[in-house]
Structures are given as structure tokens and as C-alpha cells.
Amino acid sequence: MKPIKFTIPIAPITKKNHQQIIYHSGRPMVIPSKQYLQYEKDAMWFLPNVDTIEEKVNVKAVFYMPTKRRVDLTNLLQALLDVLVKYGILADDNSKVVFSVDGSYVDYDKENPRTEVEIYGK
């Protein structure tokens with residue numbers, strides 16, 4: 001598989017830290033926040049037009065945050081992988097498709113927050 005590289009030029013956001021609790025039939029439910037859903041929609045415009053990946057791949061992501069506040073890399077990765085699955089880049093984010101996220105890390109860029117993504121075969 002030829003490596004796929006692209007950049008999502010908007011501030012990365014976590015899904016876990018941007019949730020809201022609603023009550024449905026008297027029971028609490030956790031759903032993504034409006035802020036996360038907007039991020040998901042905005043990110044779609046920067047995804048490559050590729051066939052859905054079903055083979056084992058490594059997804060390397062470098063998250064450039066707009067502030068130096070601490071952020072959980074795992075939560076950023078989960079949000080990114082959910083976007084990639086939702087829009088058909090990856091067939092799934094389980095270990096049969098995403099075998100590794102080696103090389104992923106968080107950095108700081110106040111002027112140009114973004115996510116640089118590289119997907120390549122095993």
C-alpha cells in the first residue's frame with residue numbers, strides 16, 4: 001500500500017472531553033458535544049478521496065495544539081480514528097485494521113493548529 005498523507009488544518013479536539021449528558025426516557029445518555037460534531041463535519045473537507053482501507057495499517061498522527069494545556073494523546077487518536085471510520089477512510093478502527101499508531105505525538109503551534117496524518121501498510 002502506498003502511504004497516504006494529509007493534513008486537517010483545524011485545531012484538534014477530543015471526543016471524550018467534549019461530551020454532553022442528555023436524558024432520554026428518563027435515562028442519562030452521553031452524546032458528543034456540538035463542538036465535537038462541528039469538528040467532525042469540518043474535518044471531512046480535508047480527508048483524501050481514497051478507497052476504504054481494510055488491510056492492517058499504522059496511523060501516525062501529529063497533533064499541533066493551539067495551547068500548551070495538557071491533552072490526552074489517546075483521546076485525540078480516538079477522535080481522529082472515529083472521523084476516519086465515519087467518512088470511509090478506514091473500514092474500522094479495531095486491531096484488524098489499525099494495528100498500530102506508532103510515531104503519534106502532541107506538539108504546540110499557536111498560529112497553525114492542525115493534525116498531520118500518515119497512513120501506511122504493515
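This is a predicted model: local features need pLDDT of at least 70, side-chain atom pairs count only at pLDDT 80 or more; totals for chains, interfaces and linings use all residues.
Biologist: Which residue forms a salt bridge with D109, and which one with E116?

Modeller: D109 is partly exposed, with a relative accessible area of 22%, and its salt bridge has its closest N and O atoms 2.8 Å apart. E116 is also partly exposed, at 29% relative accessibility, and in its salt bridge the closest N and O atoms are 2.9 Å apart. The partner of D109 is R114, and the partner of E116 is R114.

Biologist: Is R114 buried or exposed?

Modeller: A residue counts as buried when its relative accessible area is under 20%. The relative accessibility of R114 is 11%, so R114 is buried.

Biologist: Which residue meets the side chain of E40 in a salt bridge?

Modeller: The structure holds 3 salt bridges, and the one made by E40 links distant parts of the chain, with helix α1 at one end and helix α2 at the other, 46 residues apart. E40 has a relative accessible area of 7%, and is therefore buried. Leaving aside neighbours within four places in sequence, E40 is in contact with V83, K86 and Y87. Of these, the residue that meets E40 in the salt bridge, at 2.9 Å from N to O, is K86.

Biologist: Why do the buried residues of α1 lie on the same side of the helix?

Modeller: The buried residues of α1 are Y36, Y39, E40 and A43. On the other side of α1, K34 and K41 are exposed. An α-helix has 3.6 residues a turn, so residues three or four places apart point the same way.

Biologist: Which element gives the most residues to the largest nonpolar core?

Modeller: The largest nonpolar core has 27 residues, and F6, V59, L80, L84, L90 and I119 are those with the most contacts inside it. Two or more residues come from each of β1, α1, β4, α2 and β7. With 7 residues, the element that gives the most to this core is α2.

Biologist: Where does W45 lie, and between which elements?

Modeller: W45 has a relative accessible area of 66%, so it is exposed. Together with M44 and F46, W45 makes a nonpolar surface patch of about 340 Å². W45 lies in the loop between α1 (34-44) and β4 (57-65).

Conventions. Residues are numbered from 1 along each chain as its sequence is written. Side-chain values use heavy atoms; hydrogens and water are left out. Patches are made of residues with over 30% relative accessible area and no salt bridge: like charges are joined within 9 Å, nonpolar side chains (Val, Leu, Ile, Met, Phe, Trp, Tyr) within 5 Å. Accessible areas come from the Shrake-Rupley method with a 1.4 Å probe; for residues, only the protein chains shown count as cover. A salt bridge is a side-chain nitrogen of Lys or Arg within 4 Å of a carboxyl oxygen of Asp or Glu. Helices (H or I, at least four residues) and strands (E, at least two) are DSSP runs, numbered from the N terminus. Buried means under 20% relative accessible area, exposed over 50%, partly exposed in between (1.4 Å probe, protein chains only). A nonpolar core is a set of buried Ala, Val, Leu, Ile, Met, Phe, Trp, Tyr and Cys residues joined through side-chain atoms within 4.5 Å. Contact means heavy atoms within 4.5 Å.
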